[in-house]
Amino acid sequence: MKKLGFGLMRLPVLNPEDPASVDVEHLKKMVDLFLERGFTYFDTAWMYNDFESENAAKKALVERHPRESFTLATKLHSAFFKTLEERDKIFNTQLEKTGVKFFDYYLLHDIEDASFKQFEKFDCFNWLLDKKAKGLVKHAGFSFHDTAELLDEVLTKHPEMEFVQLQINYLDWENEWIQSRKCYEVCVKHNKPVIVMEPVRGGTLAKIPEEAEKLFKAAEPGLSVPSWAVRFAASLPNVMMVLSGMSNLEQLDDNTSYMKDFKPLTDEEKKLCLKAADIINSQIAIPCTGCSYCTSGCPQGIAIPQYFSLYNDIMREDMEQKGFSIISTKYNVLAEKHGKASDCISCGQCEGICPQHLPIINNLKKVAERFEV
């Protein structure tokens with residue numbers, strides 16, 4: 001397989017404020033072009049696009065293309081089952097929603113300390129192997145969001161897992177919390193191929209500070225800024241696939257153009273990425289990837305990722321001393337339709353499901369202090 005995968009998490013939508021309003025007709029065009037250019041890997045999950053991603057995969061992909069022409073992956077997240085029976089209920093519903101008879105890749109989703117305990121409690125590793133033995137799953141693995149030490153423990157205890165999905169990008173490569181490099185090295189140690197998620201850091205590495213952008217444009221004027229992020233991840237020898245959550249045809253056209261005949265970065269180009277990371281890290285206030293896991297269960301309906309994005313933007317502008325910003329107006333417009341940041345009741349559900357382990361409650365207080373004057 002070519003190394004670029006289509007992450008069905010940030011799909012095109014008809015209503016920007018409703019992730020479930022997937023623009024299926026636009027998605028069909030994207031899927032067709034993706035396959036036409038020789039790419040085959042599609043990645044979805046139970047809760048993506050407010051539980052609509054798997055349905056969209058059926059309409060845009062499964063119902064319109066031969067099963068042998070594509071590879072489909074989906075996942076089981078620990079937040080959505082509390083009994084042994086619920087594991088199978090979700091899995092069987094996923095088969096119905098996607099319209100396939102088997103999944104090429106199936107993942108235990110978002111393993112970290114607490115979820116690992118739950119997956120163990122409900123014997124999910126053996127459960128997944130049973131699905132594989134029955135032909136319902138071709139390859140069994142897991143996605144991971146925790147320390148390299150825990151990853152080593154999981155792989156030591158479960159060598160039967162065939163692959164690991166990791167958050168890897170040049171911004172997080174040396175991050176002591178995400179531990180991209182350290183986790184990657186654990187996978188190499190255990191001889192497990194890696195699938196990369198968040199190579200563009202939820203879009204953060206598509207829109208970077210001017211100083212960092214100039215570095216890339218000086219080196220390769222014809223390549224897009226996000227291409228450096230995707231190619232950085234794909235250049236790692238133990239990486240088998242890099243997922244990109246593409247939201248429109250333009251993004252897909254760009255990604256497939258340079259990944260069709262992929263050439264790994266040189267050592268000098270890798271150093272350039274890490275130099276850009278230093279510049280970017282100095283200007284990011286809240287390292288949110290915009291996955292929106294936190295929003296579906298928020299009792300106050302707070303637009304958490306959008307508020308964090310606006311906060312990062314306005315803090316960057318404050319650093320550049322631009323004065324008045326339209327960003328404050330954008331916050332007020334969003335707040336009219338969603339809960340304000342100050343409406344947070346500190347229930348903690350968002351922090352329990354955040355794969356980045358962000359202190360969301362405290363960050364919302366920062367947002368409120370900045371925008372709600």
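In the predicted model, the backbone nitrogen of Ala79 lies 3.0 Å from a polar atom of the side chain of His77. The side chain of His77 also makes a polar contact of 3.4 Å with the side chain of Asp110, where a polar contact is a pair of N or O atoms within 3.5 Å, of which, within protein, one must be able to donate a hydrogen and the other to accept it, residues adjacent in sequence counting only if both atoms are side-chain atoms. Residues are numbered from 1 along each chain as its sequence is written, and side-chain values use heavy atoms, with hydrogens and water left out. Because this is a predicted model, local features need pLDDT of at least 70 and side-chain atom pairs count only at pLDDT 80 or more, whereas totals for chains, interfaces and linings use all residues.

His77 belongs to strand S3 (residues 71-77), strands (E, at least two residues) and helices (H or I, at least four) being DSSP runs numbered from the N terminus. With a relative accessible area of 5%, His77 is buried, a term that means under 20% relative accessible area with a 1.4 Å probe and protein chains only. Not counting residues up to four places away in sequence, His77 touches Met47, His109, Asp110, Phe119 and Ile353, contact meaning heavy atoms within 4.5 Å.

Thr74 is also placed in strand S3, and at 0% relative accessibility Thr74 is buried. The side chains of Thr74 and Gln94 are joined by a polar contact of 3.4 Å. Beyond four places in sequence, the residues in contact with Thr74 include Thr44, Trp46, Glu54 and Tyr105. Thr74 and His109 stand 35 residues apart in sequence and 8.8 Å apart in space, C-alpha to C-alpha.

Turning to the helices, the axes of H9 (residues 210-219) and H12 (residues 267-281) come within 8 Å and cross at roughly 165°, axes being lines fitted to C-alpha atoms over the stretch in contact and angles running from 0 to 180 degrees between N-to-C directions. H9 and H12 are therefore roughly antiparallel to each other, the term for angles over 145 degrees. The contact is made by Glu211, Ala212, Leu215, Phe216 and Ala219 of H9 together with Leu272, Cys273, Lys275, Ala276, Ile279 and Ile280 of H12.

Helix H7 (residues 148-157) and helix H8 (residues 180-189) pack at an angle of about 20°, with their axes 9 Å apart. H7 is therefore roughly parallel to H8, as angles under 35 degrees are classed.

Conventions:
Angles under 35 degrees count as roughly parallel, over 145 as roughly antiparallel, 65 to 115 as roughly perpendicular and the rest as oblique. Buried means under 20% relative accessible area, exposed over 50%, partly exposed in between (1.4 Å probe, protein chains only).
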